[in-house]
Structures are given as C-alpha cells and as structure tokens.
Amino acid sequence: TTFQFECTSQGVLVTVNDSLQGGATFEGLGSALVDVFMDESAVSPTLVESCLKTWSSEEAQSLAASLLSFEVPSESDASSEGVQDDAFDAQAGQSLDLESLENQLKPVQEYATSITFESKLDNLYLVGAGVRKKSIIKIYAVAMYASAQVLVSSSSQGALHAAARSFDGPNSATAFVLEMVYSVGAEKIAGAIAESVKPRYSGPESDIINLEQMITEGVNRVGGQAVKGTVFRFDCTSRGVAVSVNGLSQGSASFEGLGAAFVDVFMDNDAVSPTLVESCLSMWSGASSNTLAMDLLQASSRLATKPGVPSAVSGEEDRSAPSEEDL
C-alpha cells in the first residue's frame, strides 16, 4: 500500500494507492507534516541521512543549482511587465493560469427542476445544486457558490460544512442562489427562510426579523409574489448576509454569526436540501475534480496577492442596527 502526502502552505493533499482522498486545507498543517520527517526528532533518521548524502556533494549541488534556475525567475524577469508568474509556470511545466482552469468548469443543471446554474458567480465557484422540497412539492432550486478553498474541502459533509462557514479570508464568502419553481407570497417565503435560520443563530431574534424584512421588501419590490423564476441571492460572510432579489440589492443584515447560521441551513446535518449536499460532494470529491480544485486554489491565491483584485462580494448597504457609538 502506497501513501502520498503533498504538503503546501494551504495544507496536505492525501493519496492512497494513486487514489486521491482530498485535501486537508488548514494553514500550518503542511509544515507540521514536514516536521515529522525533517526535524531533530524525525521519525526516520535514515531519510534525513539519505537526503544529506544525496545532495551534499559538489556535483549534486551543481545539479541542484541548475534545477533551481529553471524554477525561480531571475531578477530581470521579476522587473518585466507582469509576466514573471507566467514565466515561472511555463518553466515549471505546471501552468496554473486561472482563466484556463476556469474554462474547464461547466454549468450544472439541477436534476429535479431542470434549472441550470452557471459555473461562476463573480469570484465564487459553483459547488453544487439541489432542490428544496416541502413534502412532494418542489419549492425552489438552490446552488451554492464558494471559494476554491471550499472546493478542496469537499471530501465529506463535515469538512465541506466547516469550510463553507469558516470565512477564513478577509473577502471570503459563500453564496446561495435560489430560483423559485413554485409561487409563494412575500411573507411566506421570507418567514420560511427566517424560521430555518433562527434555531441555528445564537444572536438576538431582532437580527432574524431584520433579515426577514429584507427578504419581504425584496419580493414586494418585484410584485409581492415570489413567482416561478424569481431569483434570490444570499451572500454570507463573517459580517452577515447580503440579500438581493432578481438582481436588486436589499442591503446587508450585518450581524456577526448570521452568515455562518445561514450556511448551516443548507450544509449541516439537518440541511433543508439534502440533494444540494449530495451534489457538492459528488462534484468535487473525485480525483480529477479535486486536482482541479487544488489548482484553482493555488492560482486564485496567487492572484489574490496582487493589488487591485476585487473581493468576492461587492459592497452592500449595511442594514444592521446602529451602535451606541454611531448614535
């Protein structure tokens, strides 16, 4: 039996007998696994001895320097007009061009409703799509969009859930797009969503009421009825939940913990759409899709370090209550 552990700054990718198991994407985990084999208490002293013996001779050091020259761009390359990253990828033979990777992504048609969701939503990727049912009635199709960090965590429901609600970056977000297939009144759909969030949220009930009012107002702006084809979008972040209805922004319910609670509605063990969870795991837990997810993560991480890159969620009107300092 053969194990392979690929350690990076994002975590550890695990393979058993050439079968990819997924990535444990936790900062510092990759370094810790390296320490197991390379620190002063290494579990295999003969491995350390072999490494030193293999590469410490003058001839081996010369070869290593030559190999390094193909991996690291020169100072003159670094001063060229924005091409150093592309040059590095081409020399390494592992192009992580974000656009070419994203071209491999395809829209997904939700099976039960035949509603199609695009592969990207702003800077977020489609994780999966499912249906929300009440008894045998299909209420809406739902898709989840998230960062590449979430994609590589789709090896199990627990890992996916944790990643989707962690919001571990300054602009990290998880978005849900709901498209109605059954006509429902403004108060009824707003109340149903609010009631799902309420038991999962530890903050005051007034925060849930605020969210419910935003949804109601959004539906009223488009006629007062969430008819078939009405599209809701909920952008969840560490700051709260931004709401839009048919592309019209209703603002943001900015309450800490509300974004995570909204994610829980669709991702925890009592998720309102089990088919969404199944779709997410099915789409991203395979070997080829997990490799694509890791490539997307590396490419998007590099892009995020460059100035001028837009955040995943555009600014929304803050609908939170003013603090005492504000007053």
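Which element gives the largest share of the lining of the second largest pocket? The model is predicted.

1. **Lining of the second largest pocket.** Helix α9 gives the largest share of this lining, with six residues. Four elements each contribute two or more residues: β7 (124-134), β8 (137-146), α9 and α11 (258-267). The lining has 17 residues in total. Nearest the centre of the pocket lie Arg132, Lys134, Ile139, Ile189 and Ala192.

2. **Helices α9 and α10.** Two packed helices are described by the angle between their axes and the distance between the axes. Here, the axes of α9 (residues 186-197) and α10 (residues 205-221) come within 8 Å. They cross at roughly 150°. Angles over 145 degrees count as roughly antiparallel, so α9 is roughly antiparallel to α10. The crossing of α9 and α10 is right-handed.

3. **Who touches whom in α9 and α10.** From α9, the contact uses Ala186, Glu187, Ile189, Ala190, Gly191, Ile193, Ala194 and Val197. From α10, the partners are Ile208, Leu211, Glu212, Ile215, Thr216, Val219 and Asn220. By class, this contact has 10 nonpolar, three polar and two charged residues. Note Ile189: this residue is part of the contact with α10, and it is also among the residues nearest the centre of the second largest pocket.

4. **Helices α8 and α11.** The axes of α8 (residues 157-166) and α11 come within 9 Å and cross at roughly 155°. The two helices are therefore roughly antiparallel to each other. Their crossing is right-handed. Helix α11 also gives two or more residues to the lining of the second largest pocket.

5. **Who touches whom in α8 and α11.** On the α8 side are Gln157, Leu160, His161, Ala164 and Arg165. They meet Ala260, Val263, Asp264 and Met267 of α11. The residues of this contact divide into five nonpolar, two polar and two charged.

6. **The cavity.** Rolling a probe the size of a water molecule over the atoms shows where empty space is left. How many cavities of 30 Å³ or more does a search of the whole structure find? The search finds one. The largest cavity has a volume of about 40 Å³.

7. **What lines the cavity.** The lining is made by Ser147, Gln149, Val150, Ala163, Ala164, Ser166, Phe167, Asp168, Ser172 and Thr174. The largest share, three residues, comes from α8. By class, the lining has four nonpolar, five polar and one charged residues.

Note on methods. Residues are numbered from 1 along each chain as its sequence is written. This is a predicted model: local features need pLDDT of at least 70, side-chain atom pairs count only at pLDDT 80 or more; totals for chains, interfaces and linings use all residues. Side-chain values use heavy atoms; hydrogens and water are left out. Axes are lines fitted to C-alpha atoms, for helices over the stretch in contact, and angles run from 0 to 180 degrees between N-to-C directions. Angles under 35 degrees count as roughly parallel, over 145 as roughly antiparallel, 65 to 115 as roughly perpendicular and the rest as oblique. A crossing is left-handed if the near helix is turned anticlockwise from the far one by less than a right angle, and right-handed if clockwise. Contact means heavy atoms within 4.5 Å. Ala, Val, Leu, Ile, Met, Phe, Trp, Tyr, Cys and Pro count as nonpolar, Asp, Glu, Lys and Arg as charged, and the others, Gly among them, as polar. On a 1 Å grid over the protein atoms alone, a cavity is a set of points where a 1.4 Å probe fits but cannot get out, and a pocket is an open set with protein on both sides within 12 Å along at least five of seven lines; lining residues have an atom within 4 Å of a point. Grid points are joined across faces, edges and corners, and a volume is the space filled by probe spheres set on the points.
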